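Have a look at the structure first, and then we'll go through a sheet and a pair of domains.

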Amino acid sequence: MPRITVTVDGIRYEEDVEPRLLLVHFLRDRLGKTGTPIGCDTSNCGACTVLLDGKSVKSCSVLAVQADGCDVVTIEGLAPGNGQMHPLQRAFHEEHALQCGYCTPGMVMAALDLLRENPDPSEEEIRHGLEGNLCRCTGYCNIVRAVRRGAQEMGQAQEAGQEVRTP
Amino acid sequence: MIPAQFDYVRASSLEEATQALAADEDAKVIAGGQSLLPLLRLRLAYPSTLVDIGRLPELRGVQDRGDHVFIGALTTHDEVMRDPVLAAECPLVAMGAATVADPAVRHRGTFGGSLAHADPAGDLPAVILALDGVMVTTRREIPAAEFFVDYLESAMEPDEILTGVRIPKLGEGWGYHYEKFHRTAQAWAIVGVAAAVRRSDGAVAEARIGLTNMGPTPLRASATEAALAGAELGDAVRQACEQAAEGTSPPSDLHGQADYRRHLAQVLTRRAVLAAAGAH
Amino acid sequence: MTEELDAGMVAQRIAESDQVSEPSPNGEVGRRRRRKEDARLLTGRTQWTDNIQLPGMLYVQFLRSPMAHARITRVDVSAARELPGVVAAFSGQDLASEQGSLPCAWPVTEDIAIPEHPPMAVSEVRYVGEAVACVVATDRYRAADALEAIEVDYEPLPPVLDMNDALAEGAPKVHETGNKAYTWKFAQGDMEAALRDAPVRIDRTYIQQRLIPSAMEPRAVVATTDGETFTMWSATQIPHILRVMLALTTGIPEHKLRVIAPDVGGGFGSKLQVTAEEVVCLLLTKRLGKPVKWTESRSEGNLTVHHGRDQIQHITIAAESDGRIRGVRVELLVDMGAYLMLVTPGIPLLGAFMYNGIYKMDAYDFTCTGVFTTKMPTDAYRGAGRPEATYAIERAMDELAAELNMDPVEVRRRNWIKHEEFPYTTIAGLTYDSGNYEAATDKALALFGYDKLRAEQADRRDRRDPVQLGIGVSTYTEMCGLAPSRVLGSLSYGAGGWEHGSVRVLPTGKVEVVTGSSAHGQGHETAWSQLVADALGVPFEDVSVLHGDTAISHRGMDTYGSRSLVVGGMAVLSACEKVKEKARKIAAHTLECSPEDVEFSQGVFRVKGTGAQKTIQELALAAFAAHDLPEGMEPRLDADATLDPENFSFPHGTHLCAVEVDTETGHVKIRSYVAVDDVGRVVNPLIVEGQVHGGIAQGIAQALYEEAVYDAEGNLLTSTMADYLLPSAADLPDFVTDRTETPATSNPLGVKGVGEAGTIASTPAVVNAIVDALRPHGVHDIQMPCTPERIWRALRERAQA
């Protein structure tokens, strides 16, 4: 069994894995990082989106062995801790951009990636940037609003010299 | 769902990868894995070994090589759509790559992987065919017109690896457009049309048109290309594009019947040509 | 557009009707409270069923039939049992003596055929995906591998896929009793006379395609036992009903069984079910003495989560030439699929009283026949019966308008119940307690810019623009707040429609609320906190809401049918009233006055005319200490309430949709969408808007994208999300939503429910818009989903004709 070394949310793990082990099962079943859920088997829904070396990927469509030596950030690694939330998480809360919450981890990670590439996206750009993440509850209206709000607040936080995780 | 078991070889060189492929007839190459992983998970593919070529840096990146641009097979769709050389010299490639799946898939999925997968519903095969790209493999060079053999089947041998694609520069005066028709943003193209058009004096001087999902392989709309030479923008272009489905054999499936695809090919070809010619 | 609706009139009417209530200054009800649920969901600390991990956990996978209809002649699981990591493997036959039959709780007629439904097939399979065997292994990967070692021999039987074919003489039978499950009729008034006398008659057939509910969280089950008691976690909407049904099905005594619905990732009716997997997991933990977990994959779920809709609807309207409706006749064929699941046969009947919509008429005639086919059973899906009814009547109203060359809004206006006519008993026998269709419609028209869009439409038609504009209207009502138990009884449903709530004020003055509603995204923890904060005068933050665990919430009827606030929330409010009365007695005793002299306001009990007072927190501590309570009073400040609603509630609204239809490709783009809903008094506008947004999106998805497709052999072609198309953010527009408010009279708060409204209203609005765009081309219908190809074919057929 190959041995891999992966840093997840700032912690380095060394694990022996079956080659076929999906990254998302590695996160959930091996590391107990169940914040990242699974919604489909064809990489359509995006619920399992994480950042792999700073870019969004669908962790159900990456083998754990492919992530060897990489840095993974999940929804669990986003908030600074002590009960605080990341500005984008806060924006989702403020704009009521989640209902059942199952798509939310992936949606937030995908939105974070979108804002990395485009810190001030239009509604149209947000809608297209999130085309790989399905939500069945919200009709997306409030998600779009939350991403715009998150963009503003991340910008303001950065101007104020606060650390905002933008991997 | 969960993939069946397989062995795994992470190649540290192309030679090692080739040897691993030659040693096991049921071995398969994995790069980004964005086409392969869903097939493995649905247990529609049972490779005995996966040969991972994803860590060969020499296969990654876009190079300007004078009369052509070379795109390394491991260059991701995301890198292709943002590459300044391609934006300047072969924008049609970037346009095609930008429509592949969604951002997360484009971060992992590779240019070479999409072509080697030889899915006629993929967006890039038609683009490369239209541009007369040349596939560079570990053994030889294969013109795009000879590369796509059948549905999900390329001209490569089982132990042959696509290392990159040479795309000839068309030079000045060309316009480009990729017109993708699908029902939802992340759905596969029902039909797609890749058009490169050289315009001269209000008319089309020359056109190259690749068709997505109009047969078991990507196809060129040859009759339309011929009819477009010298066609005035307007009725002449319209008439030329009515031949876009000639020689095609589109599938009838869940997402569209063959006659609808033929009709779409005509309409979308006209739109792609006019857009490429800057008429829209 | 009628002249009475000039802009000034519209503005005036809106001003008159715009009585959307504002929260009182210190009130919680009406506030846009951000949700208490969000923090854990946003930071990945959620407890989905698949997240639950117990020591020694084993993993279950099911082998499923690849045949739509076949006799099982052999199942051999022995090779699977030999594989490393495999603990057990069973065929349906192995469990036959104990697995029982999955329940159907709604025998809608006396003579209904309810076939045996073994959780794992024993002798015959009747749809692709039906479980035939299972394996239990030490991890999910090995369990998946072991499925491939199971051998099954099938003797093919003919599939039965089309409802009309299924009912034909000599058709192959799905069950020995035949392919008809039941026929249910309702009639009121003289339909024959209406048909005979009315000069205008609209006859239409509409297809409600089969849908896959597609909650984002796939189903999952964890079951464990200590040898005597059993605990099940399930991604379910109905932990309470599930517990009763599992006890009845498996023989495990109800008091030895605890069911927990932890965080549940959406349901939309699909998790209103007692599933084969739940039953089998319980039997497996019983047999093996170990905790077991089963988690479905999406492609497995598309095959085996119950499907929705799937009806052929014949609707006839008899009308006068001025557009007034005389009568409506409806004949339905409804695809039950292969078996009757929990409420399968009753789903279309939830629409039986709704085909008359918001309109007045003299006669109504409804017939529904349930048909067996060799497909996945159908059951509740968001709206359940009411979207189908609304679709048929709202589509047919547009056809009536077209027939009479009348504006579709005007034809509705001529028929709807006027606001001064409420309460109004409809031809279907329901009493609509309140509503104002004029107000909602006028507001929607103004927000939409109806006249301007009609002008643009005319211009595009004149120019023969290849992109045509269409405008669709849908004026809906629905019955929700399921349901008065006596009504459910009269419809032969197997249970009541009450709900339970408990409120306990803890010694420190904090409040625990226990609800029988079982949230899976609706925000009950937030909304119930708002209700209780107002009722008891305690801070919003001081209220916790507990739910979804039969050991904590021991009594409940769960969440579906837009019932939670209207029934469950009102039960909580009723418990609050009891708590208040008890606190009043303690206050009076402490303050040495009579209870009648104690006033309550914002958490404080005051003696009239004096400064003496006690806060509810002080009284809670007094109850806990119990040093000096009124004679005979038990030392606790809490109360229970079980509330049976006296009537349904009837939200209504007007939705308007503008579409651009590319007549060359058939592509539809939604240009704008306006929804004005009247859901009565609103507890949390933020949550209401979210429910409306999501409902609209799901209704649009039925109109444009979604369809479960089986091939001629009965294989599901849309088994993955690559083929079953759900819209993403890029495929939908922003929605303009607003409200009017006529409080319900059937509950003290005046609430009506909102969970299904958007889905019910939006589907006909979109299809009416598409047909409106195409009408000048001679097209009068497009079958859902209105794919570009269907639109192109319709246009081509008309052009060739």
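In what order do the four strands of the open sheet in chain B come? The order is 11-12-13-14, and the pairing is antiparallel.

## Before we go on

This is a predicted model, where local features need pLDDT of at least 70, side-chain atom pairs count only at pLDDT 80 or more, and totals for chains, interfaces and linings use all residues. Residues are numbered from 1 along each chain as its sequence is written, while chains are lettered from A and ligands numbered from 1 in the order in which they are written.

## The sheet in chain B

Strands (E, at least two residues) and helices (H or I, at least four) are DSSP runs, numbered from the N terminus. Two strands pair if DSSP finds at least two bridges between them. Strand 11 (174-181) and strand 14 (219-220) of chain B each have a single partner strand, so one side of each lacks a neighbour in the sheet.

Strand 13 (residues 203-212) of chain B is joined to strand 14 of chain B by two bridges. As for strand 14 of chain B, B:Arg220 there is the bridge partner of B:Gly210.

## Two domains in chain A

Chain A splits into domain 1 (3-77) and domain 2 (87-159), with bounds that come from an automatic or database domain assignment. Their C-alpha centres lie 21 Å apart.

Domain 1 of chain A brings 15 residues to the contact and domain 2 of chain A brings eleven; residues are in contact if their C-beta atoms, placed from the backbone, lie within 7 Å. On the domain 1 side, strand 3 of chain A gives the largest share, three residues.

Notes
Two residues are in contact if their C-beta atoms, placed from the backbone, lie within 7 Å.
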